[in-house]
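I opened a new notebook page for this structure.

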Amino acid sequence: MNGFVVLPLLIPLVSAASSILFWRRRMIQRWLGLSSSFLLLGSGLLLLYTIREHGIQAMQVGGWPAPFGITLVADLFTGIMVTLAGLIGSAVAVYSVANIDARRETFGFHPLLQVLLMGVSGAFLTGDIFNLYVWFEVMLIASFVLLGLGGERKQLEGGFKYVTLNLVSSALFLAGVGLLYGAAGTLNMADLAVKLRNANEPALVTALAMIFLTAFGIKAAVFPLFFWLPASYHTPPVAISAVFAGLLTKVGVYAIIRVFTLVFVQDVAYTHGLILGISALTMITGVLGAAAQNDFRRILSFHIVSQIGYMTMGLGLYTSIALAGSVFYIVHHIIVKTNLFLISGIVERRTGSFQLKQMGGLYHASPLLALLFLIPAFSLAGIPPLSGFFAKFILIRAGLENEEYAIVAVALMVGLLTLFSMTKIWAEAFWKPAPNEFGPRPVHRTMWAPAVALAVLTICIGFGAGPVYELSEQTARQLMDPTAYIQAVLGVSR
Amino acid sequence: MIYLLAVVIGGLYSAGFYMMARRSLLKLVIGLALLSHATNLLIFTVSGVSRGRPPLIPDGQALAGGVSDPLPQALILTALVISFGILAFALALVLRTNESVGTDDLDEMRTTEQ
Amino acid sequence: MNSIILTVTARVLGPVLLLFSLFVLFRGHQEPGGGFAGGLLAASAFSIRAIRKDVELSLPVEPHALIGTGLLLAVSSGLASVVLGRPFMTAIWFPYVSTVLLFDIGVYLTVMGVVLMTVYALAEEKS
């Protein structure tokens, strides 16, 4: 019995429930949050190991057999994503000790973060499309409160845009689920894959696919549905923006990749061709938007948008290698982007601002911080031998093999423009002389530790690209050929 | 019946999107609520409207006259509870935003966009 | 608020509502009813008192404690089957009681806690 498939849901849930029980005890909540985040990371690694050794794990919740009950299913993609969720959760839980003020802690930061992680893990683990909607909502409601926590004016303004767009996306998603149920009579994704493969109305299925693409596209922030992201991600405290930047849009990307490899593969030339076009536009608009910004975190937010384009590019090409590139890119991006946000928080502690104009002289003031910024920044731009180089390299090779030269050109150009953006931050914040004196402000070591750990991880992925690529390729092969997935879900009863 | 429901759903969707396109925050939230009602009604309609058939029957009893699908009701109930919670949250957010910004005009909330 | 009608109603209706909420909770075992509806009823029993009197007097514990306990109860009801080697949340039935009932009690407490937390927060803001 593979009961531990449910562990990534139980650990944060128990932690959140216990934290609510100790509502007035901040220290207890803090330790509960920290230990549960690390346990989540551990359970993710355990899951990943088991999937590699014993194949796809599935569990019929409540003992109801597959197409009727809710199935939790974990293939390699799920395993990787849950592990990353645990990693980012742990990094942010450590970082929040010094970054989140006491007021936000008393209003439940720690249980909310755990509920968010539970929602994210649930979305990765579920094998039922309505259940996916429910986990999305769990994740969203936690993120709504986290975004507004503290109630500063800009948080509320940015929060409203975030809430509205995400609710529209949820309504569309739910309508899509309803129509899908009407068309196929099932909600289990493996069962849907089987039923829709022999569907006699391919046009209807493609129309449904478009509804899902729009709904998930808003969550993943692809062109032209991304405007909520740079309006809101820079408003809350850094620990919260970092976990949003690292995980939330990637849940949207995960959902797109999941349904467009498992369920909606009837008219690949049309749907995936469209995704490829969207990817190119997402990359370009994101990076151009970033060029016009002067706020550290707003630049990073626009780069999230541009990087989402790379992740969906692999899906658009729809070959084994391209998907492996997407998976590699997601692994690389989650780590690097979270790290950059964490570093922006350290910079803010030192200089007292997120505005590039107010910064300067950090290279002399703190060479370690400068080095720490350069590692993820170069990785993001794709400088070898860091993780971003290999991620882009695989995608571009896949593009060349498919003879999609336009998207390859876009990907290369956007990489260059990303480097330009990172150079801009470097020149403004680190290189130019400080515009005004700021005294030596100590930054707590709980803020340094996760940033350093993630930077080391980036370097490790760069130098150990072989094993990571191998894992991504196995993942991609599972995604391209869902027979094993369907077998694991529908073949196992009780 | 199904055509009537289709018209109602269409009406709710268009009213919802119209309200969301207004500048007032409160109207935006009303629009969101209409959108979720339309979606619930849509699930109800597409999964087959039937009359007088029980969703659950006692163990061992024969299916006289057929049964209706109980799943859409379960889906709608779940979606209703979720949208109830989110609507409550959105209203609290409107209240809080109104206190802090001093207006409910969306055009005046541009400090995050400079 | 200090209206005599409300005072009398709250005194009489409060306990009745609470009792009825328990009835709905246990009825949900076999027939329509259950933890969600029961929890809402129980919350309304205490909300009436919250409107009438000051907030402190109506509930002996904090609503947060109810939510935490309820969630943990619901989780543990699901874990019971894991201990027996069956999938998570598989129902285990005994005569008169089951893990489903434990789950329902968890939902009851959680719903009651959430509603009361909201009501108290709004009531405090007004005063």
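**Entry: chains B and A.** I began with the contact between chain B and chain A, which takes 27 residues from chain B and 28 residues from chain A. I noted that I was working on a predicted model.

Which helices of chain B each supply at least two residues of the side that touches chain A? I found helix H2 (25-46) and helix H3 (71-101) of chain B. H3(B) gives the largest share of that side, with 13 residues. I then sorted the side of chain B that touches chain A by class. It has 16 nonpolar residues, nine polar and two charged.

**Entry: chains C and A.** Next I looked up the contact between chain C and chain A. Chain C brings 17 residues to this contact, and chain A brings 16 residues. I sorted the side of chain C that touches chain A as well: 10 nonpolar, five polar and two charged residues.

**Entry: cis peptide bonds.** I turned to the backbone of chain A. As a reminder to myself, most peptide bonds are trans. Where did I find cis bonds in chain A? One runs from Phe223(A) to Pro224(A), with omega near -5°. I placed Pro224(A) in the loop between helix H9 (202-220) and helix H10 (228-232) of chain A.

Another cis bond runs from Pro384(A) to Pro385(A), with omega near 5°. Pro385(A) sits in the loop between helix H16 (367-381) and helix H17 (387-401) of chain A.

**Entry: positive phi.** I then checked phi. Most residues other than glycine have a negative phi. Tyr318(A) is not a glycine, yet its phi is positive, about 55°. I located Tyr318(A) in the loop between helix H13 (296-317) and helix H14 (320-351) of chain A.

Is Tyr318(A) buried or exposed? I counted 22 other C-beta atoms within 10 Å of Tyr318(A), so this residue is buried. The cut-off I used for buried is 20 or more.

Glu403(A) also came up. Glu403(A) is a residue other than glycine, and its phi has a positive value, near 60°. Glu403(A) lies in the loop between H17 and helix H18 (405-431) of chain A.

Is Glu403(A) buried or exposed? Glu403(A) has 7 other C-beta atoms within 10 Å, so I wrote it down as exposed. For exposed, the cut-off is 12 or fewer.

Tyr318(A) is buried, whereas Glu403(A) is exposed.

Key
Residues are numbered from 1 along each chain as its sequence is written. Chains are lettered from A and ligands numbered from 1 in the order in which they are written. This is a predicted model: local features need pLDDT of at least 70, side-chain atom pairs count only at pLDDT 80 or more; totals for chains, interfaces and linings use all residues. Two residues are in contact if their C-beta atoms, placed from the backbone, lie within 7 Å. Ala, Val, Leu, Ile, Met, Phe, Trp, Tyr, Cys and Pro count as nonpolar, Asp, Glu, Lys and Arg as charged, and the others, Gly among them, as polar. Helices (H or I, at least four residues) and strands (E, at least two) are DSSP runs, numbered from the N terminus.
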